[in-house]
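Work through the exercises below with the sequence and the coordinates at hand. Each task is followed by a solution in steps.

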Amino acid sequence: MAEDSLVSLRDLRVAFDGVPVLRGIDLDIPRGGAVGMVGESGCGKSVTWLAALGLLPGRARVTGGVHLAGTDILGAPPATLDRVRGGRIAMIFQDPASSLNPVHRLGAQVAEAVRLHRGVTGATARAEARRLFDQVGIPDAARRLDAYPHELSGGQNQRVMIAMALAGQPELLVADEPTTALDVTIQAQILDLLNRLRRETGMALVLISHDLGVVSETCEEVAVMYAGRIVERASAAALFARPTHPYTQGLLAALPPLDGPKQRLAAIPGSVPDPRLMPAGCAFAPRCAHRTAACGAEVPRPVAIAPGHSAACLLTEAPELVEA
Ligand SMILES: Nc1ncnc2c1ncn2[C@@H]1O[C@H](COP(=O)(O)OP(=O)(O)OP(=O)(O)O)[C@@H](O)[C@H]1O
């Protein structure tokens with residue numbers, strides 16, 4: 001485990017009904033750092049963190065290691081996992097409406113999260129809920145504490161979810177497509193908020209998104225996932241300067257230009273393989289313009305390209321052996 005790691009995942013694997021969907025994830029989240037996880041739908045981004053937090057259904061078989069500050073939390077008793085979840089690590093999802101209780105006032109829901117994680121009740125919990133509403137930029141917080149979820153917009157409800165996540169003063173916030181359901185202006189505001197909260201609280205952030213643009217604006221580090229594996233890992237800057245895995249190159253080519261006329265995007269042909277029909281060798285090979293015969297036979301291992309930059313592609317050149 002890297003010395004400054006807050007969370008480290010080691011050979012994390014998940015199978016549903018005997019079908020592997022996560023096929024060996026190694027990832028370190030540094031304290032206070034921001035790591036983006038990107039890839040098309042079905043690559044295993046959500047399952048990675050649901051598994052790490054013990055949130056998958058019982059029929060999921062999870063193996064490997066999940067360490068929080070050096071302690072194995074996957075093998076921990078349920079009471080420990082409960083303390084970690086929502087406390088040291090919190091997770092927010094795409095659709096706040098489905099996570100908020102429609103029949104309870106928002107302030108009461110946030111105050112309940114405060115009570116659960118900090119053991120304070122009554123007026124103290126409500127005052128803390130009010131402070132959290134202010135911290136996440138909900139205007140007119142005193143009045144909004146008494147509102148119901150349907151009375152607020154999607155963006156405001158996502159702020160409430162973030163307030164609830166902050167109630168446990170987490171060291172890591174995992175945000176799973178937190179802006180996908182929101183329109184572009186609101187999306188940018190929520191990303192700004194997450195950045196500001198990172199600076200203010202020192203918490204680390206994992207941002208899950210299918211959008212490489214969203215991830216690279218918010219995170220210093222990016223892990224690109226494909227078919228249950230990390231295929232490229234780099235700083236956001238290095239990923240744009242030297243995208244190495246053909247899948248990353250494809251995701252970049254599909255990004256809309258920052259300015260200029262809208263043009264037809266170069267989408268990657270084909271689709272993510274069904275986990276039940278996973279091809280042998282490199283899972284991306286059937287969609288890859290550069291594939292060779294070896295790609296259909298051999299599973300590529302991550303190769304260091306530069307410090308902190310690795311890619312799992314048989315065609316990756318490794319000009320020199322450098323410590324990743
Ligand atoms: N509860 C479940 N039962 C069976 N299969 C599942 C379950 N949850 C996820 N999967 C499968 O695991 C694989 C990875 O799914 P996951 O949701 O992690 O992908 P993702 O990259 O997060 O995509 P999305 O952005 O659509 O959530 C997919 O093939 C999915 O169908």
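**Exercise 1.** Determine how H7 and H8 are oriented to each other and which residues make the contact.

Solution. Step 1: H7 and helix H8 (residues 184–201) pack with their axes 10 Å apart, at an angle of about 15 degrees. Axes here are lines fitted to C-alpha atoms, for helices over the stretch in contact, and angles run from 0 to 180 degrees between N-to-C directions. Step 2: angles under 35 degrees count as roughly parallel, over 145 as roughly antiparallel, 65 to 115 as roughly perpendicular and the rest as oblique. H7 and H8 are therefore roughly parallel to each other. Step 4: H7 contributes Gly155, Gln158, Arg159, Ile162 and Leu166 to the contact, and H8 contributes Ile186, Gln189, Ile190, Leu193 and Leu197. Contact requires C-beta atoms, placed from the backbone, to lie within 7 Å. Step 5: by class, the contact of H7 with H8 has 6 nonpolar, 3 polar and 1 charged residues. Ala, Val, Leu, Ile, Met, Phe, Trp, Tyr, Cys and Pro count as nonpolar, Asp, Glu, Lys and Arg as charged, and the others, Gly among them, as polar.

The model is predicted: local features need pLDDT of at least 70, side-chain atom pairs count only at pLDDT 80 or more, and totals for chains, interfaces and linings use all residues. Residues are numbered from 1 along each chain as its sequence is written. Helices (H or I, at least four residues) and strands (E, at least two) are DSSP runs, numbered from the N terminus.

**Exercise 2.** Describe the packing of H4 on H7.

Solution. Step 1: the axes of helix H4 (residues 106–118) and helix H7 (residues 154–166) come within 8 Å and cross at roughly 20 degrees. That makes H4 roughly parallel to H7. Step 2: the crossing of H4 past H7 is right-handed. Step 3: from H4, Leu106, Gln109, Val110 and Ala113 meet Val160, Ala163 and Met164 of H7. These contact residues of H4 and H7 divide into 6 nonpolar, 1 polar and no charged.

**Exercise 3.** In what order do the 4 strands of the open sheet lie, and which strands stand at the edges?

Solution. Step 1: the order is E2-E1-E4-E5, with antiparallel pairing; strands pair if DSSP finds at least two bridges between them. Step 2: strand E2 (19–30) and strand E5 (71–72) each have a single partner strand, so one side of each is left without a neighbour in the sheet. Step 3: strand E1 (residues 5–16) pairs with E2 over 9 bridges, and Ser8 has Asp28 in E2 as its bridge partner. Step 4: H1 lies across E1, E2 and strand E4 (60–68), running at about 110 degrees to E1.

**Exercise 4.** Give the strand order of the sheet with 8 strands and name its edge strands.

Solution. Step 1: this open sheet has the order E6-E7-E8-E3-E9-E10-E12-E11, and the pairing is mixed. Step 2: strand E6 (89–92) and strand E11 (303–306) are the edge strands, each pairing on one side only. Step 3: E6 and strand E7 (residues 172–176) run parallel and are joined by 4 bridges; Met91 has Val174 in E7 as its bridge partner.

Key:
Left-handed = near helix turned anticlockwise from the far one by under 90°. Contact = placed C-beta atoms within 7 Å.
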